[in-house]
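Dear colleague,

Please find below the structure that I am handing over to you, together with its sequence. My findings follow directly after it.

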Amino acid sequence: MANTSAVYARIDTNLKENAEGILSQLGITPSSAIQMLYSQIVLNKGIPFELRLPSSKPLAVGAMTKEQLDAELQKGVDSIKEGNVFSADQVDAVLAKENHINRDK
């Protein structure tokens with residue numbers, strides 16, 4: 001048997017239950033998930049995902065409430081009424097710049 005050590009952590013009860021429910025559906029034990037995380041930390045020589053503050057802008061329509069979506073759609077309608085119309089290429093270029101995507105590849 002491999003030499004093992006215990007890891008103890010205190011986390012929010014709801015977070016633990018939600019995560020363990022998902023892990024169970026995947027057939028993964030909490031211990032295995034922690035082992036995977038630690039393995040990735042070693043392989044990546046750091047946290048294996050980006051750590052940053054969330055964007056103030058919604059990333060997807062599905063992440064918006066109905067009220068937020070309605071407000072954003074209304075902004076678009078108002079902008080069109082004001083004569084602000086852009087081609088798909090112009091919109092793509094702005095989005096690529098905002099999201100640091102190089103389209104010249």
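Directly after helix α2 comes K45, with a positive phi near 55 degrees; helices here are DSSP runs of H or I with at least four residues, and strands are runs of E with at least two, numbered from the N terminus. K45 has this positive phi although it is not a glycine. Most residues other than glycine have a negative phi. K45 is placed in the loop between α2 and α3. Because its relative accessibility is 77%, K45 counts as exposed (buried is under 20% relative accessible area, exposed over 50%, partly exposed in between, with a 1.4 Å probe and protein chains only).

Please note that this is a predicted model, in which local features need pLDDT of at least 70 and side-chain atom pairs count only at pLDDT 80 or more, while totals for chains, interfaces and linings use all residues. Residues are numbered from 1 along each chain as its sequence is written, and side-chain values use heavy atoms, with hydrogens and water left out.

The loop between α2 (30–44) and α3 (66–81) also holds G62. G62 has 77% relative accessibility and therefore counts as exposed. Between G62 and D78 there are 22 Å in space, C-alpha to C-alpha, at a sequence separation of 16 residues.

As to α2 itself, its end C-alpha atoms lie 21 Å apart, in agreement with the 21 Å that its 15 residues should span at 1.5 Å a residue (the expected span is 1.5 Å times one less than the number of residues). Helix α1 (residues 13–26) has 14 residues and reaches 20 Å from first to last C-alpha, close to the expected 20 Å. G27 follows α1 and has a positive phi, near 75 degrees.

For the protein chain as a whole, the secondary structure consists of four helices and zero strands. Its C-alpha trace spans about 70 × 35 × 25 Å along the principal axes. Of the 105 residues, 3% are buried.

With kind regards
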